[in-house]
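Let us walk through this structure one feature at a time. Keep the sequence at hand as you read.

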Amino acid sequence: MGEIKVADSKDLLQVLWSGADVLRGKMDANEYKTYLLGLVFFKYLSDSYLAKVYDLLNDATPDSLEEAQDEYEEIMKTDDAEDLLEELKSSMHYTLAPDMTYVSILRNAKNNAFNREKLQAAFNRIQESDELFNGLFADVDLYSNRLGTGDQKQSTTIADVIKVLDGADLIHAQGDVLGNAYEYLIGQFASETGKKAGEFYTPHGPAQILCRIAMTGQENKKGLQVYDPCMGSGSLMLSCRNYSKEPDYIKYYGQELMPSTYNLARMNMFLHGVLPENQHLRNGDTLDADWPTDEETEFDAVTMNPPYSAKWSAAEGFKQDERFMDYGGKLAPKSKADYAFLLHGFYHLKQTGTMAIVLPHGVLFRGAAEGSIRETLLNNGSIYAVIGLPANMFYNTSIPTCIIVLKKHRDGRDVLFIDASTLFEKEKKQNVMKEEHIDRVLELYNDRKTVDKVSYLASFDDIKSNDYNLNIPRYVDTSEEEENVDLKQLTTEMKDINKAIKEGNARLMEMFSDLSFASAEIENAVRDFMSGFEEV
């Protein structure tokens, strides 16, 4: 065995991002992200598969995937092939024929013999191997006109991406290097995609605040259960790993409405090394029908960044739905589902857990049904903290947003307000919260006390006297007192200025009097001009 080259995160990012260059001119980022992330994931599955083959045969890691490919091709010609495939199916949950591996397909691409049908067959084999992979590559349309006009151009585009990704060593990437690289790609696509990015990505700053708050006091818990009913690419749930002492035992429960985003979350889980038995992900409408409803239905940490002020049915039947029935017979209005999402997440929170959700500021002060729901939550002591974030943080909106932190059955009904609206740095398109900003918010959150112009610990009486309005400026006064004006000094300054003006005008008149004129018309015009200064 030679020395194994460990994948460098910077090199890996450069190679993966180069794959985007092949596609960038052909379609927008929201479309080509599906191709690149899908092909990266296929390479990961294929390369992992070959590494497992080599390990089973030699009890070692291969020096190169080509070496593993050669051994796989040889053993598949022998009587041991069937036993090997059974072992692979048991441990990997999928199998690939030798000519379906990334290495085999890459060889053909390099020899100008790339065959889309073979790649599609590989996708199909994986998807049909286990329910875990069902429909995973459904969005990677190898026959789309977006790849080019005609079979040849379309095939060439895919072959070019496959050749570029050859430089990405996904097997020897240590720790979370691969998962972090995938997260980086998702973030880059979000930046390029703009408003559509709201479907799948929560920016780093708000994501870290949400997760650190949700994990506070639960860092040492083994078998922690995390829930995100609007999971997007799964980034929020996966960020919770960073704050756990037992990250390998976390169980993830997530739901996502958009099929393509749901598939992205599933890929993201695998690339972060989450075991299949710890992934509980579902493609569905969170508000339409409750999920999960069997076995585990309450979770230690609930993190949410739902679509803001989305429409929903608000049908009468929801008044008998356990998620929404304890709030005075009121439902979130049809035009704004914000509280429907909040109550769904809160319903699934354990008595000992913490929930953190991002919503627009309107939920803090709007009246009618929303005001009634908010009052019930406050009377129950369910709202623990409100954190105002900077404006222009999210790709899908420039409006300011807030984080609401909720807990069940706690002592007291006080609410901590934090104004973090100035904790950011301005970058090209978005405002960005750096690590020092995130740390400052967590420091204020954990200290839980009033700090002038930054935070305020409001008693329940404070809130009641404000008619249950949680608008942050009612509690955190960020206004600055104007400086006192010294009238005596101002009078002296005005006299000095007037004196200087008169002296200047006098000098100017002297200069005008020395002028000679080419005509009477010019002389009259100049004298009219001079008269304006004589009146000053």
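P292 sits in the loop between β3 (279–283) and β4 (299–304). Helices (H or I, at least four residues) and strands (E, at least two) are DSSP runs, numbered from the N terminus. A cis peptide bond links W291 to P292, with omega about -5°. Most peptide bonds are trans, and most residues other than glycine have a negative phi.

This is a predicted model, in which local features need pLDDT of at least 70 and side-chain atom pairs count only at pLDDT 80 or more, while totals for chains, interfaces and linings use all residues. Residues are numbered from 1 along each chain as its sequence is written, and side-chain values use heavy atoms, leaving out hydrogens and water.

Now go to the loop between α16 (460–465) and α17 (487–513), where D467 lies. D467 is not a glycine, yet its phi is positive, near 55°. Y468 lies in the loop between α16 and α17 too. Its phi is also positive, about 65°, and Y468 is not a glycine. Are these residues buried (under 20% relative accessible area), exposed (over 50%) or partly exposed (in between; 1.4 Å probe, protein chains only)? D467 has 64% relative accessibility, so it counts as exposed. Y468 has 10%, so it counts as buried.

Last, look at helices α2 (residues 29–58) and α3 (residues 65–75). They pack at an angle of about 65°, with axes 9 Å apart. Axes are lines fitted to C-alpha atoms, for helices over the stretch in contact (heavy atoms within 4.5 Å). Angles run from 0 to 180 degrees between N-to-C directions. The contact includes L50 and V53 of α2 and A68 and Y72 of α3.
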